[in-house]
Amino acid sequence: MDDPKRGPKRDPKRDPKRDPQRPVGLTGLWQAFDEARFGGGRTLNLRVSLPTADEAARRAEAWLREQQVATAGEVLIVTGRGNNSDNRVSPVREAVIRVLHSLRRRGVTSGHQEHTPGSFVVTLAPMQALLEAPRRRREHTPPQPPAAPPSLDLLGDETRILLRNLAERVLDALGVTDRDPFMEGEMLRQFGVLAATISPDLRGAEREAALQRALRRTLDDYE
């Protein structure tokens, strides 16, 4: 009951100093741990934007490919539990699981594990694994489009040098002694694989700079 001298009695659950969007209790504690461990740059939160299953799959694949180039170690993907979905099974979560298994076969990730019922910790594979991933007939993902530009002459000198250095490392690792007949084809293959890791939103010089970062990171893996 309100005290007329002290004003209305304050409900501690409606403390104006408390952010209503901020989780409390154990949920807030675990979120604080996740923020400290992964940070915003290594966390993909699909639960916030409520994408469709297909959208979530596309976003998760594109993000993980970019993360493989940008960072190493572990990243976090938040899908939500699916409490409001039919049969309490999240279609977003199931779609992301399929993507994770596919990307492991293609050398983008090296594994994943359930972090909470609504999130996954994903371990990124080294760039070397991306280049050496075997092609599997059971993979249902459409093949990558042909490498563009069709001529590597359209790339800058530094990019072509990096591509050539990488092609040499890969051919050496395969035990190829006479590299010249295979060099151009291998450079085009590396270009096609690494171009898939770059955001399609980048254009011109930004896109080529991103390709150079991917090349340098891959070369580091071969050292």
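Buried means under 20% relative accessible area, exposed means over 50%, and partly exposed lies in between (1.4 Å probe, protein chains only). The model is predicted, so local features need pLDDT of at least 70 and side-chain atom pairs count only at pLDDT 80 or more, while totals for chains, interfaces and linings use all residues. Residues are numbered from 1 along each chain as its sequence is written, and side-chain values use heavy atoms, with hydrogens and water left out.

**Exercise 1.** Classify Arg 93 and Glu 114 by accessibility, and state how their side chains meet.

Solution.
- Step 1: Arg 93 has 15% relative accessibility, so this residue is buried.
- Step 2: Glu 114 has 47%, so this residue is partly exposed.
- Step 3: A salt bridge needs a side-chain nitrogen of Lys or Arg within 4 Å of a carboxyl oxygen of Asp or Glu. Arg 93 and Glu 114 form one, at 2.3 Å from N to O.
- Step 4: Arg 93 lies in helix 4 (residues 91–105) and Glu 114 in strand 3, 21 residues apart, so the pair links distant parts of the chain. Helices (H or I, at least four residues) and strands (E, at least two) are DSSP runs, numbered from the N terminus.

**Exercise 2.** Find the strands that pair with strand 4, and decide how enclosed strand 4 is.

Solution.
- Step 1: Strands pair if DSSP finds at least two bridges between them.
- Step 2: Strand 2 (residues 74–78) runs antiparallel to strand 4, with five bridges; Leu 76 is opposite Val 121.
- Step 3: Strand 3 (residues 109–116) is also antiparallel to strand 4, with six bridges; Gln 113 is the bridge partner of Val 121.
- Step 4: Five of the six residues of strand 4 (residues 119–124) are buried, so the rest of the structure largely encloses this strand.
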